[in-house]
Amino acid sequence: MPSTHSSAPPPAATPRAPVRRVLALSSHILRAERQVLTGLMTLLVLLILLNVVTRYTGMPIYWVDEAAVYTVVWLTFVGASVMTRLRMDFAVTMLTDHLGARGARAFKVVATLGVLLFGLAMLVMCWVWMDPIGIARYGFDAKEFAAESFNFLYTERTQTLNWPTWVLQLILPIFSATFSVHALANLLEDMGAAERVQHAGFDVVNADAVN
C-alpha cells in the first residue's frame with residue numbers, strides 16, 4: 001500500500017553571498033525605516049495636538065504648521081520606500097492576466113528593473129542637484145558657491161522654522177538610496193536568485209492582495 005504522506009519539497013538553494021548581502025542590507029534598512037515611521041507619526045500627532053491646544057487658548061505657535069508639513073513630507077517618502085520593499089505598490093494586470101506564468105514572471109522582472117532604474121536615476125539627479133563636490137570646492141561657503149554656480153540650495157532657509165532648506169531636503173537622496181536597495185532586493189527575488197523574504201514586524205500586511 002503506497003504511503004499517504006507526500007514527499008517534502010526539496011530545500012531551496014542557498015543564495016550567493018552578494019545576493020545575501022543585498023537582502024540583508026534591505027532588511028536592516030526596512031527595520032530602521034519602521035522605527036523612523038513610528039517616530040515621525042508620533043511627532044506628527046504631537047504637533048497637531050500642540051497646534052489645536054495653542055489655537056484654542058489664543059496663543060498659536062506660528063512654526064507648528066510648517067513643522068507638520070515637513071513631517072508629512074518625510075513620512076511620505078519613508079513610507080514609499082517601505083511599501084516598495086513590501087511590494088505594496090499598485091499594478092495594472094490587464095496584460096499579464098492573459099499571459100502564462102512564465103510570461104507574467106518576465107514582465108514582473110522588467111517592471112521591477114524599471115523601478116530600480118528610476119531609483120538610480122533619482123540618485124544621480126540628487127548628486128547633480130546637491131553637488132557635494134562643488135560646495136566642498138568652495139570650502140562649504142554657501143554664498144560663494146551660489147554666486148558661481150547659481151545653485152541657491154545651501155543659502156535658502158525655511159519661512160518660519162528658519163532651518164537650512166537642504167537639511168530637510170536630504171530626504172530625497174536618502175529615499176533614492178533606500179528605494180534603490182529595496183528595488184534591487186525585489187529584483188533578485190523576482191529573478192529567482194533568492195526566495196521572497198518574510199519581513200518580521202509587518203505580518204499584518206498582505207502584499208499579495210495589492211500586487
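**Exercise 1.** Work out how far apart Phe175 and Phe179 lie along helix H7, and how their rings pair.

*Solution.* Start with the helix: Phe175 and Phe179 are 4 residues apart in H7 (residues 171-190), so about one helical turn separates them. Helices here are DSSP runs (H or I, at least four residues), numbered from the N terminus. This is a predicted model, in which local features need pLDDT of at least 70, side-chain atom pairs count only at pLDDT 80 or more, and totals for chains, interfaces and linings use all residues. Residues are numbered from 1 along each chain as its sequence is written, and side-chain values use heavy atoms, with hydrogens and water left out.

Next, the rings: their centres are 5.1 Å apart and their planes at 35°, so the pair is tilted. Rings of Phe, Tyr and Trp (its six-membered ring) pair if their centres lie within 6.5 Å; planes under 30 degrees apart are stacked, over 60 edge-to-face, and the rest tilted.

Finally, ring pairs join Phe175 and Phe179 with Phe77 and Phe118 in a cluster.

**Exercise 2.** Classify the Tyr138 and Phe145 pair, then decide whether Phe145 is buried or exposed.

*Solution.* The whole structure holds 6 aromatic pairs. Tyr138 and Phe145 form an edge-to-face pair, 6.0 Å centre to centre with 65° between the planes.

For accessibility, Phe145 has a relative value of 1% and counts as buried, whereas Tyr138, at 27%, is partly exposed. The classes are buried (under 20% relative accessible area), exposed (over 50%) and partly exposed (in between), with a 1.4 Å probe and protein chains only.

Terms used. Helices (H or I, at least four residues) and strands (E, at least two) are DSSP runs, numbered from the N terminus.
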